[in-house]
Amino acid sequence: MSHGVDRVWSVTEHLENILGQLRPLEPIELQLLDAQGCVLVEDVTVPTSLPPFPNSSMDGYAVRVADTKAATRDHPAVLDVVGDIAAGSDEPLVVGPGQAARIMTGAPLPPGAEAVVPVEWTDGGTGGGPVDSMAAFGTDPAGAGGEVRVHRAAEAGQFVRERGSDVTAGELALSAGTVLGAPQIGLLAAVGRGTVTVRPRPRVVVVSTGSELVQPGEELGPGRIHDSNSFALTAAARAAGAIAYRVGAVADEVETLRATIEDQLIRADVVVTSGGVSVGAYDVVKEALSSLGGSFGEDAEEAAGHVDFRKLAMQPGKPQGFGRIGPERTPLLALPGNPVSAYVSFEMFVRPVIRTLMGSEDVHRRVVQAKCTTEIKESPDGKRQFLRAQYDKRSGTVTPVGGAASHLVKALAHADSLIVVPEAVTSVAAGSEVDVVLLD
């Protein structure tokens with residue numbers, strides 16, 4: 001495979017070349033909330049059954065089945081209330097024949113009791129008909145004693161969560177490879193795990209270049225535009241699962257850019273730049289990173305690493321750069337500066353890098369087939385084209401949004417997918433099946 005300067009790389013070749021040089025980040029032990037979004041690298045088994053004891057699933061009364069067997073609305077069973085059992089209670093109450101204990105949701109079922117009757121099946125100790133709720137203990141302490149009338153019969157185990165009915169001790173709770181979302185973190189907490197071993201979320205530093213760039217919120221001068229790439233790419237990196245840091249736009253000065261990137265390496269697992277990678281006289285990223293010299297370490301090129309700048313057979317996103325820089329050989333992806341080119345390049349190359357470093361099995365965006373609702377008249381021969389589009393799952397159709405130009409940010413904001421037109425296809429007829437990359 002030639003690596004000559006004039007060589008044109010395919011999208012697939014470029015991506016495979018990048019991912020082939022990467023390995024997932026080393027596992028670390030994190031506190032539960034710090035592990036959110038990370039990939040688990042250990043099987044987690046349940047140390048104790050959940051729930052750990054039989055408990056009530058209702059607010060009501062713990063009873064013996066035989067005592068309520070004949071209970072009806074007209075002929076209620078009248079039971080003596082021996083006390084209250086609240087959630088977290090270790091009150092040593094025992095329910096004997098003809099007795100009941102007032103019990104709250106989540107409270108342990110007392111010895112002797114076989115079922116729970118909801119408060120709505122009783123008079124709540126008022127001496128009248130069925131009630132909707134219990135009086136608060138603070139306002140009616142007498143409710144913990146006296147008598148209760150039960151208007152319906154209870155069956156054994158009714159409204160009782162049995163020990164281990166959720167998970168049993170020794171059971172696999174979560175397997176290695178699981179991405180930890182809110183429910184998974186809740187399960188880990190429930191089984192008593194305070195920490196967990198995961199692959200960390202990659203730290204991505206985003207640097208946009210261009211002397212013409214002004215920060216949002218600041219006045220635009222002549223020839224100036226607002227920096228949108230660093231915001232879009234930082235947000236995209238976070239959405240992909242990374243911890244992302246945005247560096248303000250760097251002017252088109254070689255030494256300034258080198259110094260900025262060098263400063264950022266201490267907190268970066270990946271560096272992403274946008275702009276300055278084409279063939280212009282002021283394409284500073286290409287100039288700064290093609291020959292790094294001793295800027296990144298004492299041993300010149302050896303310590304600095306190398307960044308390859310390539311031409312890809314894709315539209316948008318023809319100019320791309322990739323290399324490993326600094327003492328830790330940190331991956332650097334240099335993306336083009338046009339907003340659509342930068343975003344499409346991120347989706348095709350940076351997002352898979354982030355997912356690979358995370359150890360995720362789901363490295364690539366989902367691709368589906370859909371019918372294109374309109375004709376695509378021109379697609380460049382020999383290039384893989386990515387067109388912004390809106391996908392309708394219900395009808396299985398996809399519609400291009402905006403034109404092919406790589407500066408149309410509004411169209412990008414209204415797209416939820418990318419139509420892929422293969423290299424050898426120069427036009428697509430309306431109604432044709434196309435591959436669609438889903439962006440959400």
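Predicted model: local features only at pLDDT ≥ 70, side-chain atom pairs only at ≥ 80, totals over all residues.

Trainee: What makes a set of residues a nonpolar core?

Mentor: Its members are buried Ala, Val, Leu, Ile, Met, Phe, Trp, Tyr and Cys residues joined through side-chain atoms within 4.5 Å. The largest one here has 41 residues, and Leu333, Phe349 and Ile354 have the most contacts inside it. At least two residues of this core come from each of helix H1 (11-19), strand S14 (203-209), helix H4 (229-239), strand S18 (270-274), strand S22 (330-335), helix H8 (339-358) and strand S26 (417-421). H8 gives the most, with twelve residues.

Trainee: Why does this core lie between domain 1 and domain 4?

Mentor: Domain 1 (8-25 + 200-358) and domain 4 (367-438) both give residues to the core, so it lies between them. There is also a second, separate core of 20 residues, with Val247, Val250, Leu257 and Leu265 among them. The domain bounds come from an automatic or database domain assignment. Helices (H or I, at least four residues) and strands (E, at least two) are DSSP runs, numbered from the N terminus.

Trainee: And in general, where do nonpolar side chains tend to be in soluble globular proteins?

Mentor: They tend to be buried together.

Trainee: Is threonine 273 buried or exposed, and how do you know?

Mentor: Check the cut-offs: buried means under 20% relative accessible area, exposed over 50%, partly exposed in between (1.4 Å probe, protein chains only). Threonine 273 has 0% relative accessibility, so it counts as buried. This residue is found in strand S18. Leaving out residues up to four places away in sequence, threonine 273 touches Val207, Ile261, Val285, Leu332, Leu333, Ala334 and Leu335.

Trainee: Then why is proline 52 called partly exposed?

Mentor: Its relative accessible area is 42%, so proline 52 falls in that middle class. Proline 52 lies in the loop between strand S4 (44-45) and strand S5 (55-56). Its C-alpha atom is separated by 9.4 Å from that of valine 167, although the two residues are 115 residues apart along the chain.

Trainee: How do you know that strand S6 and strand S8 pair?

Mentor: Two strands pair if DSSP finds at least two bridges between them. S6 (residues 60-63) and S8 (residues 99-103) have four bridges, in the antiparallel sense, so they pass that test. Tyrosine 61 stands opposite arginine 102 in S8.

Trainee: What is the strand order in the open sheet of five strands?

Mentor: The order is S9-S6-S8-S7-S10, with mixed pairing. Strand S9 (115-118) and strand S10 (147-150) each have a single partner strand, so they stand at the edges with one side left without a neighbour in the sheet.

Trainee: What about the open sheet of three strands, which strands stand at the edges?

Mentor: That sheet runs S2-S13-S3, with antiparallel pairing. Strand S2 (28-31) and strand S3 (39-40) are at the edges, each with a single partner strand. S3 pairs with strand S13 (residues 195-199) over two bridges, and leucine 40 stands opposite valine 198 in S13.

Trainee: How many bridges join strand S24 to S25?

Mentor: Four, and S24 (residues 384-392) and S25 run antiparallel. Alanine 389 has proline 400 in S25 as its bridge partner. The hairpin of S24 and S25 has four residues between the strands, and glycine 396 takes a positive phi near 70° there. S24 is also joined to S26 by five bridges, again antiparallel, with glutamine 385 opposite valine 421 in S26.

Trainee: Last one: what pLDDT does the protein average?

Mentor: It averages 87, and 88% of the residues score at least 70. Residues 293-303 are below 50, and beyond near neighbours in sequence this stretch has 24 contacts in the model. pLDDT is the predictor's confidence in each residue, from 0 to 100.

Methods: Residues numbered from 1 in each chain as written. Heavy atoms only, no water. Contact = heavy atoms within 4.5 Å.
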